[in-house]
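Thank you for making time this morning.

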Amino acid sequence: MCRSIKTLRPPALPEEATEEEIRAAALQYVRKVSGFRAPAAHNQEVFDRAVDVIAQVTQELLAGLEVRGRAASRAG
């Protein structure tokens, strides 16, 4: 696990994760998996698309999680 990616669900965060926090986590994940901090120009599009997709799926995951037996309050 990439240590710079923080947990984005309660109780780790007192409030819902922001879009900025979700995108930052997605970016860290793509950087870790690809091995590139900043991709070359010919890889930029696929790199950015991966960050977008992972951020969207992360948002859906957080919206669907049940924390301590109750439905999460995020709308998907």
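Let me begin with a question: is Arg49 buried, partly exposed or exposed? Arg49 counts as partly exposed, because its relative accessibility is 46%, and here buried means under 20% relative accessible area, exposed means over 50%, and partly exposed lies in between, computed with a 1.4 Å probe on protein chains only.

Residues are numbered from 1 along each chain as its sequence is written, and side-chain values use heavy atoms, with hydrogens and water left out.

As for confidence, pLDDT is the predictor's confidence in each residue, on a scale from 0 to 100, and the protein averages 86, with 86% of the residues scoring at least 70. Confidence is highest in H2, at 96, and lowest in strand S2 (residues 70-71), where the mean is 52. Where pLDDT is low, the predicted coordinates should not be read in detail. The helices (H or I, at least four residues) and strands (E, at least two) are DSSP runs, numbered from the N terminus.

Turning to helix H1, residues 19-34, we have 16 residues reaching 22 Å from the first C-alpha to the last, close to the 22 Å expected at 1.5 Å a residue, where the expected span is 1.5 Å times one less than the number of residues. Just after H1, Gly35 takes a positive phi of about 80°. The buried residues of H1 are Ile22, Ala25, Ala26, Val30 and Arg31, and these pack against H2.

If we leave aside neighbours within four places in sequence, Val51 is in contact (heavy atoms within 4.5 Å) with Arg23, Ala26, Leu27 and Val30.

Now to the charged side chains, where a search of the whole structure finds 3 salt bridges, each defined as a side-chain nitrogen of Lys or Arg within 4 Å of a carboxyl oxygen of Asp or Glu. One of them joins Asp52 and Arg23, at 2.7 Å from N to O. Asp52 lies in helix H2 and Arg23 in helix H1, so this pair ties together parts that are 29 residues apart in sequence. Asp52 is partly exposed at 41% relative accessibility, and Arg23 is likewise partly exposed, at 38%.

Another pair is Glu21 and Lys6, at 3.3 Å from N to O, and it links distant parts of the chain, with Glu21 in helix H1 and Lys6 in the segment before H1, 15 residues apart.

Finally, we come back to Arg49, whose side chain meets that of Glu45 in a salt bridge of 3.4 Å, N to O. Why are these two separated by about one helical turn? The reason is that Arg49 and Glu45 are 4 residues apart in helix H2. An α-helix has 3.6 residues a turn, so residues three or four places apart point the same way. Glu45, at 61% relative accessibility, counts as exposed.
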